[in-house]
Amino acid sequence: MTIYAVNKVCYRVVHEPAFRQALRDNPAEALRGATPALSEEELAALLAGDVGRLSTMGANHFLLHQLGRFEVLGLDLPTYARRIRAAYPESAEVRRSWTSVP
Amino acid sequence: MAEVVGAVGVPHNPHFPRIVAQGGPMAEELARLYGEVTRHLRELAPDVLVFFTSDHYNIFFVESLPIFSIGVAESTYGPSDYRELAAYQIPIDSPLARRIQVHAVRSGFDVGMSQEFEIDHPVTVPLHFLTPRMDVPIVPVFVSGLMPPLPAARRCRALGATIRQALEQIPDNKRVVAVASGSFSLEIGGPRMSDTSHTGVPDPEWSERVVALLAAGKVDELVAEASEEQIGHAGNAGGELLDWIAMLGMFDPCPPAFLEAQHELGHAFAAWRVE
């Protein structure tokens with residue numbers, strides 16, 4: 001079992017419009033049909049839009065943020081960013097001085 | 001023989017085409033910076049661009065992940081990852097690309113080849129500004145700068161040097177310009193994002209250091225300092241610097257003809273003339 005299954009879901013969100021739509025219409029069914037199969041823990045975190053948990057499980061952040069960019073699983077980019085920040089509170093003080101890119 | 005006559009390096013933020021099209025203060029600055037690089041590129045009159053880019057999990061992620069690969073298709077299309085951006089059919093100098101790949105492997109640098117692919121925004125955004133008519137064919141060279149384990153900086157420079165050697169053995173009189181696409185410090189979607197966005201510039205000091213070394217033509221120092229640890233500290237897209245280092249491998253170190261940074265964004269615009 002690796003986090004690859006989660007990363008691949010994120011990859012497919014970018015490249016498969018039909019999968020993207022399926023995630024909006026019936027996320028549980030779309031995710032249960034994903035290959036390779038997701039673990040129950042991965043599935044629950046995805047369905048909850050819990051990107052903080054997925055991040056700490058080792059999901060790739062570049063891929064993970066695509067869930068927010070494409071607004072699936074209850075996410076958008078501000079929600080995505082808020083949940084990642086919440087998962088890493090120790091980064092907050094340093095982060096305040098960092099600039100953001102358009 | 002084919003000759004490396006120059007090189008350019010630019011960022012590829014997918015929002016820049018829209019920002020420039022809409023106008024405003026940042027648009028003017030970006031238009032000026034891309035414009036300066038484009039002016040040098042036009043004066044260099046290239047027949048082909050050797051384009052160093054890092055796939056953003058679009059081409060290679062699922063089936064295979066080469067550390068280095070050369071695109072040898074007849075042409076490519078994209079961007080595959082931002083369908084809302086202007087799409088382009090981009091010609092590839094396929095015979096040249098294949099000769100470079102053969103030379104590299106036979107001379108001991110084992111680089112793969114990619115025969116059919118759509119390109120992503122790190123290629124289309126720079127070309128949107130540099131060669132908007134897509135009238136200069138490219139040879140895409142993929143450097144795995146985003147997905148750890150990253151190649152060592154010295155290997156990336158050696159890749160550029162190997163491509164230069166290949167060009168020197170080619171009988172055609174082609175003018176070649178190397179292109180590098182990417183940032184020096186950039187985090188996308190990771191915990192080192194800013195407080196107000198899903199992106200950030202975790203290590204602007206590193207960006208300043210890179211630009212100082214580029215300005216001085218100190219490529220040895222840049223390669224020595226661009227460790228995996230330093231690149232990781234610069235953000236999860238910090239490995240795009242490796243595309244610049246590969247580009248620098250294609251000519252003897254020298255100061256650039258143009259170099260201007262946007263340190264707050266962790267990147268720079270540059271042009272070298274090596275004729």
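The legends below describe close-up views of a predicted model.

**View 1. The largest nonpolar core and Met250(B).** This core has 53 residues, and the members that touch the most other members are Phe52(B), Leu167(B), Met247(B) and Met250(B). Helix 9 of chain B, residues 241-248, supplies the largest share of the core, with seven residues.

**View 2. The crossing of helix 2 and helix 4 of chain B.** The axes of helix 2 (residues 25-44) and helix 4 (residues 121-130) of chain B come within 9 Å and cross at roughly 75°. Helix 2 of chain B is therefore roughly perpendicular to helix 4 of chain B. On the helix 2 side, the contact is made by Tyr34(B), Val37(B), Thr38(B) and Leu41(B), and on the helix 4 side by Val125(B), Phe129(B) and Leu130(B). Six of these contact residues are nonpolar, one is polar and none is charged.

View 3. The buried residues are His61(A), Phe62(A), Leu63(A), Leu64(A), His65(A), Gln66(A), Leu67(A), Gly68(A) and Arg69(A). Their cover includes helix 1 (4-15), helix 4 (40-47), helix 5 (51-56) and helix 7 (77-87) of chain A, together with strand 9 (187-188) of chain B. At the start of helix 6 of chain A, a side-chain oxygen of Asn60(A) comes to within 2.9 Å of the backbone nitrogen of Phe62(A). Just after this helix, Glu71(A) has a positive phi of about 55°.

**View 4. Two cis peptide bonds.** In chain A, Thr35(A) and Pro36(A) are joined by a cis peptide bond with omega of about -5°. Pro36(A) sits in the loop between helix 3 (27-32) and helix 4 of chain A. In chain B, the peptide bond from Gly78(B) to Pro79(B) is cis, and omega is near 10°. Pro79(B) belongs to the loop between strand 4 (75-78) and strand 5 (88-91) of chain B.

View 5. Leu73(A) is not a glycine, yet its phi is positive, about 55°. This residue is in the loop between helix 6 and helix 7 of chain A. Leu73(A) has a relative accessible area of 10% and is buried. Tyr57(B), also a residue other than glycine, has a positive phi near 65°. The loop that holds Tyr57(B) runs between strand 2 (48-53) and strand 3 (68-71) of chain B. Tyr57(B) counts as buried, at 4% relative accessibility.

**View 6. The loop residue Ser144(B).** Ser144(B) is placed in the loop between strand 7 (138-143) and helix 5 (153-168) of chain B. With a relative accessible area of 6%, Ser144(B) is buried. Phe16(B) is 128 residues from Ser144(B) along the chain, and the C-alpha atoms of the two are separated by 23 Å.

Terms used: Residues numbered from 1 in each chain as written. Chains lettered and ligands numbered in written order. Predicted model: local features only at pLDDT ≥ 70, side-chain atom pairs only at ≥ 80, totals over all residues. Heavy atoms only, no water. Core = buried A, V, L, I, M, F, W, Y, C linked by side-chain atoms within 4.5 Å. Buried < 20%, exposed > 50% of the residue type's maximum accessible area, 1.4 Å probe, protein only. Helix = DSSP H or I, 4+ residues; strand = E, 2+ residues; numbered from the N terminus. Axes fitted to C-alpha atoms, helices over the stretch in contact; angles between N-to-C directions. Parallel < 35°, antiparallel > 145°, perpendicular 65-115°, else oblique. Contact = heavy atoms within 4.5 Å. Nonpolar A, V, L, I, M, F, W, Y, C, P; charged D, E, K, R; others polar. Polar contact = N/O pair within 3.5 Å; in protein donor to acceptor, adjacent residues only side chain to side chain.
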